[in-house]
Amino acid sequence: MILKTAHVTNFKCVKDSTSFGIDKDVTCLVGKNEAGKTAILEALYKLKPVRDDDGKFDVTKEYFRPSVLDYKPRHLKEPDVAIRTVWELEEGDCNELELVIGPAARETGLITISKRFDDSVSITFDLDEGDVVHGLLKSSDLESKEKGKYKSAQTVKELATQLAAVPEEQKQRVVFLQTIKARFGDKTARQVANEMIWNRVPRFAFFSQYLRMPGQLAVNQFMERASHNRFVDEDRVFSSLLEMIGMSVDSFAAVTTYEDLTARLEAASGKLTRELRSFWPDGKHLSMQFKFDDGLSADPAPFNSGKIFRARIKNERYDVTTAFDQRSSGFIWFFSFLVWFTQLERNYKSDLIVLLDEPGMALHGTAQKELLRFIEQRLAPKFQVIYTTHSPFMLDPSHLHRARPVEDVYREPGLKEDATIDPARGTKVFEDWWAADKLTLFPLRGCLAYDLTQSLFLGPYSLLVEGPADLMFIEWFRCKLASLKRITLDRRWIVTPCGSISKIGAFLSLLGSNHIYCVVLCDYAEGHKREIRSLGDTAILASAQILTADQFAGKPEADIEDLLGDEFYAALVNACYGLSGAQSFVPPAAQNGRPAARILKAAEAHMRLMPPSVPEFTHPAPADYLLRKGIDEPYPGMEAALERFERLFEKLNGILAARLLERCE
């Protein structure tokens, strides 16, 4: 069965969550701390938990507190609904139901299952018992004339009564009556269908961030707590481990065969180690070890006597082990979850809905992404998963439709509302994102912003430049050369300005990924040499190429403006700022056979001498002017500029071609 919607009312901080959709694979409840996300999961868990005792409501502790005094007097006679769910039957469910009630099983539609605070469960769906009777008659071995005698029956009970009232015995009639009694007994078709449906409803398994497996456990104390049904949270995870190795609480301390116990412990540790290495970042060198030995007298109580279970992690790189509970809290949570889930998977196959409360909050952002991958690859193919989070890294940008914002709503009544309405509306689950608070949506915005940054600013092949002027000059010459049918820059290159050479490394570290190949084009001057050298040494650019403007400008020091040439750029500055006569910018001449200095620096020096009436000089202004005027405007030194950019583009296209060939190989 597939859970379609849920609706929580009067449970803890939830007055009325409103009905919200559940995805067939994964649903994420996202919101701020104390928004009520956990309460939603707890209410769902109460419907049909893996431990029956956990399904009982405590009105005093769990009913919506502001209204509990008004509710208690009517609790026994009119218990309120705590959780209402809507389900869809799968093919296997319909087949099983059809074996009992016939073709009417295909007409039931969606199933509504509710649970009240008195722990009673109600199941409602479309079912006409007359259709059930008709289907039973149609599928029976009775002759057509005989079947016609019982068409007036509208219930299974009426049909059985009419069959039993016929005095003469007929084999087909006797067999048919026996079949009906075997299927229905004294129950109606709806009652039988209800029982079958309830049996097929998956159980809910709830795992919170507080469930942690212990690094060591005193067996005697564990058995004492088990015998008095006083398990603490860590005992529940340890019980899952016991089940995994095929042992019970009673048999654990009675083990006398070393080889048998060792085999069980090694089998369990091997299975968990494989899972750990698949989904834990940098876990390839880690392995799990379980030990069962005697407590030592100098150890702290209660680990100084009796049998002690110990869990340790071995680091294969250094050939050393450490106690499990000395690892990071994120690692402890993830491994505890693996133990818990692995045993549930074994016990329940696919008849389970997994509820995870704030999973992986102690994990690094990349480890949270690995946890999402675990959920998608290991959980979602078999179980529906519902989890809560307030971390943008626990959201999948490709499946944001699965997110349900959760908010503790406090809003003053509007002008058209009854003034007596309590402004405290309680926890709400929104399907329309626009209705949720901006702070509630912050994790979603963070997730989306990170993903958009990756896709909008960087492509698979990215040319990183220092500023927007570089981007505009490259785009102008790309278009100009293309219009002349000459070598131009391949459109697969995405040109991205980073601000300055000092920011390129940080830019890539924050926004880059393993799927992006980068080439850096930067200015080159005496002060840049050290920065360029350190940039080339960084790990993230180890496989990238760094090109400098001097390689194409024919100067020992150069900015991208030098690729335009002195005449071209001087004319562009004069046109951009309306300079003429004595105010005109004239590029400096070469001295003693050495090329002139960087044209950009000369322009900056000249513009500082201009009167206040001339706008302040900025690097992007001439480039912006060039773009706005279009590619048909003539400039001196155009041919030489085109040749320089053509060489740059030819170099970049060659790098791209080599990279594509490398990927094909």
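The model on screen is a predicted one.

Now show the two helices whole: α17 covers residues 468–483 and α24 covers residues 620–629. Two packed helices are described by the angle between their axes and the distance between the axes. Here the angle is about 25° and the axes are 8 Å apart. Angles under 35 degrees count as roughly parallel, and α17 and α24 are therefore roughly parallel to each other. Their crossing is left-handed.

Next, select helix α14, residues 329–348, together with α15, which spans 365–379. The axes of α14 and α15 come within 13 Å and cross at roughly 5°. This pair, α14 and α15, is therefore also roughly parallel. To see the contact, pick Trp-333, Phe-334, Phe-337, Leu-338, Phe-341 and Glu-345 on α14, and Leu-371, Phe-374, Arg-378 and Leu-379 on α15. The residues of this contact divide into 8 nonpolar and 2 charged, with no polar ones.

How many cavities of 30 Å³ or more does the structure hold? There are 3 of them. The largest cavity has about 100 Å³ of space. Select its lining: Val-26, Cys-28, Leu-372, Ile-375, Glu-376, Tyr-387, Leu-395, Asp-396, His-399, Leu-400, Arg-402 and Ala-403. Two elements, β4 (26–30) and α15, each give two or more residues to this lining. Which of the elements gives the largest share? That is α15, with 3 residues. By type, the lining of the largest cavity has 8 nonpolar residues, 3 charged and 1 polar.

Two stops on the backbone remain. Go to Ala-301 and Pro-302: the peptide bond from Ala-301 to Pro-302 is cis, and its omega is near 5°.

Finally, select strand β1, residues 2–11, and find Asn-10 within the strand. Asn-10 is not a glycine, yet has a positive phi of about 55°.

Technical notes
Residues are numbered from 1 along each chain as its sequence is written. This is a predicted model: local features need pLDDT of at least 70, side-chain atom pairs count only at pLDDT 80 or more; totals for chains, interfaces and linings use all residues. Side-chain values use heavy atoms; hydrogens and water are left out. Axes are lines fitted to C-alpha atoms, for helices over the stretch in contact, and angles run from 0 to 180 degrees between N-to-C directions. Helices (H or I, at least four residues) and strands (E, at least two) are DSSP runs, numbered from the N terminus. Angles under 35 degrees count as roughly parallel, over 145 as roughly antiparallel, 65 to 115 as roughly perpendicular and the rest as oblique. A crossing is left-handed if the near helix is turned anticlockwise from the far one by less than a right angle, and right-handed if clockwise. On a 1 Å grid over the protein atoms alone, a cavity is a set of points where a 1.4 Å probe fits but cannot get out, and a pocket is an open set with protein on both sides within 12 Å along at least five of seven lines; lining residues have an atom within 4 Å of a point. Grid points are joined across faces, edges and corners, and a volume is the space filled by probe spheres set on the points. Ala, Val, Leu, Ile, Met, Phe, Trp, Tyr, Cys and Pro count as nonpolar, Asp, Glu, Lys and Arg as charged, and the others, Gly among them, as polar. Contact means heavy atoms within 4.5 Å.
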